[in-house]
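Here are a few exercises to work through with the model open beside you. Try each task before reading its solution.

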Amino acid sequence: MRVLGVDPGLTRCGFGVVEGSPGRPPTLLAVGVIKTDPDLDTPRRLVTLEQELSRLVDEWLPDVVAVERVFAQHNTPTVIDTAQAAGVAMLVGARRAVPVAQHTPSEVKAAITGNGRAGKAQVGTMVMRLLQLDTPPRPADAADAVALGICQVWRGASSNRIEEALRRVRPGDADHGDALDRAAELSRRQVARVDAATRKVARRLS
């Protein structure tokens with residue numbers, strides 16, 4: 001699986017392209033930050049972001065675009081800018097018929113370190129070790145985007161299988177409830193396997 005991870009931001013939008021499979025150290029293909037000119041108005045900055053993300057999708061042909069899920073903070077203007085950038089990233093994927101996934105920061109931290117409350121430094125260190133780099137990707141926006149990509153590589157496959165199983169059963173069918181139960185059990189098993197594989201990789205690399 002090849003994933004374009006996007007850490008959305010209007011001034012700096014981190015991106016990382018990773019490739020791999022669940023439970024195995026991934027490969028880093030590209031990493032960086034898209035910057036927009038703060039002297040421009042917001043619409044034109046969003047156009048710049050859309051153009052650069054489109055170029056990345058066309059160049060790397062990802063199987064999935066993984067975007068950080070925006071959550072409310074005290075700094076409302078920052079949240080609005082971030083949400084707008086996230087919307088552009090999702091739009092770019094949808095326009096090119098590339099599936100789009102969203103992960104919360106806690107989900108990413110848990111996937112990378114096994115701890116949903118890990119700090120940025122801990123996540124950066126694990127990303128560095130997983131990718132066998134000399135230093136963590138810089139700046140932090142780029143490292144976060146790479147972590148998003150790794151999270152999707154390791155956890156996205158199970159989610160896709162669950163969604164496919166649910167699509168086979170219509171809500172009105174008699175066995176819809178059973179299908180939901182089976183999907184929930186499949187989810188628990190897949191997450192447990194991936195978490196175990198993540199811890200194994202972390203121990204091997206520590």
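**Exercise 1: the sheet**

Strand β1 (residues 2–7) pairs with β4 in the parallel sense, over four bridges. This is a predicted model, where local features need pLDDT of at least 70 and side-chain atom pairs count only at pLDDT 80 or more, while totals for chains, interfaces and linings use all residues. Residues are numbered from 1 along each chain as its sequence is written, and side-chain values use heavy atoms, with hydrogens and water left out.

Task: find which residue of β4 stands opposite glycine 5, then give the strand order of the open sheet.

Solution. 
- Step 1. Alanine 66 in β4 is the residue opposite glycine 5.
- Step 2. The five strands of the open sheet follow the order β3-β2-β1-β4-β5, with mixed pairing.
- Step 3. β3 (27–35) and β5 (100–103) are the edge strands, each pairing on one side only.

**Exercise 2: a buried charge**

Solution. 
- Step 1. Locate glutamate 68 in strand β4 (residues 64–68).
- Step 2. Recall the classes: buried is under 20% relative accessible area, exposed over 50%, and partly exposed in between (1.4 Å probe, protein chains only).
- Step 3. Recall that a salt bridge needs a side-chain nitrogen of Lys or Arg within 4 Å of a carboxyl oxygen of Asp or Glu; for charge, Lys and Arg count as positive, Asp and Glu as negative, and His and the chain ends are not counted.

**Exercise 3: salt bridges**

Task: which residue forms a salt bridge with arginine 12, and which helix holds that partner?

Solution. 
- Step 1. The structure holds eight salt bridges.
- Step 2. In one of them, arginine 12 meets aspartate 141, with the closest N and O atoms 3.1 Å apart.
- Step 3. Arginine 12 is in strand β2 and aspartate 141 in helix α5 (residues 140–167), so the pair links parts of the chain 129 residues apart; arginine 12 counts as partly exposed because its relative accessibility is 40%.
- Step 4. Aspartate 141, at 14%, counts as buried.

Conventions: Helices (H or I, at least four residues) and strands (E, at least two) are DSSP runs, numbered from the N terminus. Two strands pair if DSSP finds at least two bridges between them.
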